[in-house]
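Below is a short briefing on selected local features of one protein model. Please look over the sequence and the structure before reading the points.

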Amino acid sequence: MHNKSRVSRRRVLQMAGVGAVAAAFPFARPAISQGAPLRVGLLLPYSGTFAALGTGITNAMDLYVKQQGGKLAGRTIEWIKVDDESAPPKATELTSKLVQGEKVDVLIGTVHSGVAMAMAKIAREAGLPTLIPNAGANVLTRAQCAKNIFRTSFGNSQPGVAAGLAMIKAGIKTAVTYSWGYAAGEESVAGFKQSFLAGGGKIIKELTLPFPNVEFQAGLAEIASLKPEAVYSFYAGGGALKYMQDYAAAGLKNSVQLWGPGFLTDGVESKVGAAGDGVKTASHYVESLDNAENKKFRADYNAAFKMFPDVYAVQGWDTTMLLDIGLKAAGGDVKKQDAMFKAMREAKFNSPRGPFRLSAAQNPIHNFYLRELKGGENKFLGIAAADVSDPTTGCSLA
Ligand code: PHB
């Protein structure tokens, strides 16, 4: 009697929850957790100076999943989006809302290094699969690396080191740095200084502005009086657009070369117009890369969104690619972390950016390209540094 009622209850659940296939093959039914949608939390900026960056990442992730028929490893993907506003003070609460409140299976975020550091603290403790599609805070793949945290973008010092090398090669001897004074700007400048000083360059002055301030005039006036050969700047998104416009308006464009990581021009290359002509950057992506993945990605993205993808979209694409690789190895079951994380750690694929693989600290090893903005496009000038790996200093996995 007791047994009978249990069996019939199970059959009812199968019929109601898993449908006709499960009813016909009751013993081949997949675990319920695998049939349910995979809940993917997106902690990204959808407002403020980095809004377009969050949107580019999201668009590319959505495109990837749609191209797979809306599923990864047999699981329907459900995005649960939270606007983090690139505001570090809100980061802990918003991450908890996704992890503990929404009980997401996978966490993806974010753009701003300060927000990412608070997010990663919770992600490490919760142990859920976590992918960082932009934020470069060095510590996330150095001393605070974790086996459940993967970065598909870059470490902040990587583009800085590459730009410094290219500036030395271009014969530049003196520079001023002028950047947002938070982790990303500070670490980008530190990377630049590392290679620029090692190559014999001299830093005349280091100027900063609090994030997300865009009152650049005082610093630009100081640069005009210091007369360095070049300026190295980390700004991004809406702030970078205004910076390049103000730099040109201050009359510096033709007398002091402007350099930076690719973020200075990414996503704003066509909006900045002639004010941006001549800005040189080092990046792990350039529009014209001649590889099959890039050509297809650019055509598909343009068809879907009526605009061309930038580096942020590429990072979103690669994030979903890496997640897909992990999910397939785990048969769609995120609880099978050993299989999932091993496949992600060892993943090697051709990204629109070129060859992609991860370091022992789970940060990309990739090429950095030298680019010059001209006529609304970053032109490829050559490889600034090949196969760049960030130091894994202090990482227990390395
Ligand atoms: C960061 O905060 O790590 C950051 C933000 C925007 C970028 C790059 C890095 O374009």
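Lys-103 sits in the loop between α5 (88–101) and β4. In this predicted model, Lys-103 has a positive phi of about 50°, although it is not a glycine. Most residues other than glycine have a negative phi, and most peptide bonds are trans. The backbone points below start from there.

**Backbone: positive phi**

- Lys-103 is exposed, because its relative accessible area is 58%, and exposed means over 50%.
- Lys-227 also has a positive phi, near 50°, and is a residue other than glycine.
- Lys-227 is placed in the loop between α9 and β9.
- With 65% relative accessibility, Lys-227 counts as exposed.

**Backbone: cis peptide bonds**

- Gly-109 and Thr-110 are joined by a cis peptide bond, with omega about -5°.
- Thr-110 belongs to the loop between β4 (106–109) and α6 (113–126).
- A cis bond also runs from Phe-211 to Pro-212, where omega is near -5°.
- Pro-212 is found in the loop between β8 and α9.

**Around Ala-135**

- Ala-135 lies in the loop between β5 (130–132) and β6 (149–151).
- Is Ala-135 buried or exposed? Its relative accessibility is 0%, so Ala-135 counts as buried.
- Leaving out residues up to four places away in sequence, Ala-135 touches Thr-110, Val-111, His-112, Ser-113, Ala-116, Arg-151, Ser-153 and Phe-154.
- Ala-135 and Gly-114 are 21 residues apart in sequence, and their C-alpha atoms are 8.3 Å apart in space.

**Aromatic pairs**

- How many aromatic pairs does the structure hold? The count is 25.
- Tyr-182 and Phe-211 form one that is tilted, at 5.0 Å centre to centre with 50° between the planes.
- This pair links distant parts of the chain, 29 residues apart. Tyr-182 is in the loop between β7 (174–180) and α8 (183–198), and Phe-211 is in the loop between β8 (202–209) and α9 (217–226).
- Tyr-182 is buried, because its relative accessible area is 11% and buried means under 20%.
- Phe-234 and Phe-263 pair edge-to-face, with 6.1 Å between centres and 70° between planes.
- Phe-234 lies in the loop between β9 (230–232) and α10 (237–249), and Phe-263 in the loop between β10 (257–261) and β11 (280–283), so this pair ties together parts 29 residues apart in sequence.
- Phe-234 is buried at 5% relative accessibility. Phe-263 is buried too, with a relative accessible area of 4%.

**Cavity**

- Rolling a probe the size of a water molecule over the atoms shows where empty space is left.
- How many cavities of 30 Å³ or more are there? The count comes to one.
- The largest cavity holds about 80 Å³ of space.
- Of its 15 lining residues, Val-111, Asn-134, Phe-154, Tyr-182 and Phe-234 are the closest to its centre.
- Tyr-182 comes from the tilted pair, and Phe-234 from the edge-to-face pair.

- The largest pocket holds about 500 Å³ of space.
- It is lined by 26 residues, and the closest to its centre are Gly-267, Glu-269, Met-307, Phe-308 and Asp-310.
- Which elements give two or more residues to this lining? They are α4 (51–67), α10, α11 (292–305) and α12 (311–329).
- The largest share, five residues, comes from α4.
- The pocket lining divides into 10 nonpolar, nine polar and seven charged residues.

**Around Gln-158**

- Gln-158 is placed in helix α7 (residues 157–169).
- At 2% relative accessibility, Gln-158 counts as buried.
- Which side chain makes a polar contact with the side chain of Gln-158? The partner is His-366, at 3.2 Å.
- Not counting residues up to four places away in sequence, Gln-158 touches Asn-363, Pro-364, His-366, Phe-368, Val-388, Ser-389 and Asp-390.

Technical notes
Residues are numbered from 1 along each chain as its sequence is written. Side-chain values use heavy atoms; hydrogens and water are left out. Rings of Phe, Tyr and Trp (its six-membered ring) pair if their centres lie within 6.5 Å; planes under 30 degrees apart count as stacked, over 60 as edge-to-face and the rest as tilted. Helices (H or I, at least four residues) and strands (E, at least two) are DSSP runs, numbered from the N terminus. Buried means under 20% relative accessible area, exposed over 50%, partly exposed in between (1.4 Å probe, protein chains only). A polar contact is a pair of N or O atoms within 3.5 Å; within protein, one must be able to donate a hydrogen and the other to accept it, and residues adjacent in sequence count only if both atoms are side-chain atoms. Contact means heavy atoms within 4.5 Å. On a 1 Å grid over the protein atoms alone, a cavity is a set of points where a 1.4 Å probe fits but cannot get out, and a pocket is an open set with protein on both sides within 12 Å along at least five of seven lines; lining residues have an atom within 4 Å of a point. Grid points are joined across faces, edges and corners, and a volume is the space filled by probe spheres set on the points. Ala, Val, Leu, Ile, Met, Phe, Trp, Tyr, Cys and Pro count as nonpolar, Asp, Glu, Lys and Arg as charged, and the others, Gly among them, as polar.
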